[in-house]
Amino acid sequence: MEHPEMSWIDVLKHVAGFGGTTMEIGAKDCIDTARLIGMGANVIAVDNFPLTLQQTTNEHNGGLGADMARMPLQDASVNTVFAANVLGLVWGSGNLQPALDETARVLKTDGHLVATVNFNSPLGSPRSEENKNGLKDYLLQQVQARGLTVKQGDFVTIPDTNLPWDPENEYLLIEAVKK
């Protein structure tokens with residue numbers, strides 16, 4: 001299926017453009033953290049694998065070993081939450097609602113959630129168009145239920161990600177604002 005196309009760098013530039021403090025959820029090896037910092041963003045890297053963060057954030061702003069459903073940050077403390085391919089994982093683990101509750105809690109008023117969801121990951125995400133659209137609708141409803149206004153919730157093609165399990169490079173791109 002054809003979708004609008006954008007590069008991963010365009011996604012990161014969009015995130016960096018919001019200014020203030022960005023919390024990158026699922027920072028893993030902090031490659032995107034370094035890219036965001038290089039674009040002028042102030043980034044807090046968060047992942048539930050703290051050893052990876054400890055090894056990779058020494059030259060960056062630091063990292064937190066934390067779960068998306070239990071973020072060790074104060075209320076209204078970040079301008080942007082960036083969750084690259086994390087919502088599908090927390091949905092699969094049954095933690096989507098607490099994770100979105102935490103996202104809404106830590107976002108400042110007028111703060112942004114930017115999330116990508118890759119539906120063709122080898123982690124068992126649904127692959128049929130019907131399942132993808134159903135999960136898309138569910139994710140958008142859950143985001144809205146946390147008081148976030150969805151600005152975008154569409155499928156896009158991001159060809160430069162080159163994921164071996166997804167030759168189509170198909171993503172759901174969500175952007176929402178806390179009012």
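Let's begin with Asp110, which is partly exposed, with a relative accessible area of 46%. Keep in mind as you look around that this is a predicted model. The side chain of Asp110 meets that of Lys179 in a salt bridge, at 3.4 Å from N to O. Asp110 sits in strand 5 (residues 107–118) and Lys179 in the segment after strand 7 (170–178), so this pair ties together parts that are 69 residues apart in sequence. Lys179 has a relative accessibility of 64% and therefore counts as exposed, because the cut-off for that class is over 50%.

Side chains of opposite charge can pair when their charged atoms come close. Another pair to find is Arg146 with Asp101, whose side chains meet in a salt bridge at 2.6 Å, N to O. Here Arg146 comes from the loop between helix 6 (129–145) and strand 6 (148–157), while Asp101 belongs to helix 5 (residues 96–106), so the bridge ties together parts that are 45 residues apart in sequence. Arg146 counts as buried, at 17% relative accessibility, whereas Asp101, at 42%, counts as partly exposed.

Stay with helix 5 for a moment. Arg105 and Glu102 both lie in this helix, three residues apart, which is about one turn. Their side chains meet in a salt bridge of 2.8 Å, N to O. Glu102 is buried, with a relative accessible area of 13%, and Arg105 is partly exposed at 24% relative accessibility.

The crossing of helix 1 and helix 2 is right-handed. On the side of helix 1, Trp8, Ile9, Leu12, Val15 and Ala16 make the contact, and helix 2 brings Asp32, Arg35 and Leu36 to it. What kinds of residues make up the contact of helix 1 with helix 2? They divide into six nonpolar, no polar and two charged.

Note on methods. Residues numbered from 1 in each chain as written. Predicted model: local features only at pLDDT ≥ 70, side-chain atom pairs only at ≥ 80, totals over all residues. Heavy atoms only, no water. Salt bridge = Lys/Arg side-chain N within 4 Å of Asp/Glu carboxyl O. Helix = DSSP H or I, 4+ residues; strand = E, 2+ residues; numbered from the N terminus. Buried < 20%, exposed > 50% of the residue type's maximum accessible area, 1.4 Å probe, protein only. Left-handed = near helix turned anticlockwise from the far one by under 90°. Contact = heavy atoms within 4.5 Å. Nonpolar A, V, L, I, M, F, W, Y, C, P; charged D, E, K, R; others polar.
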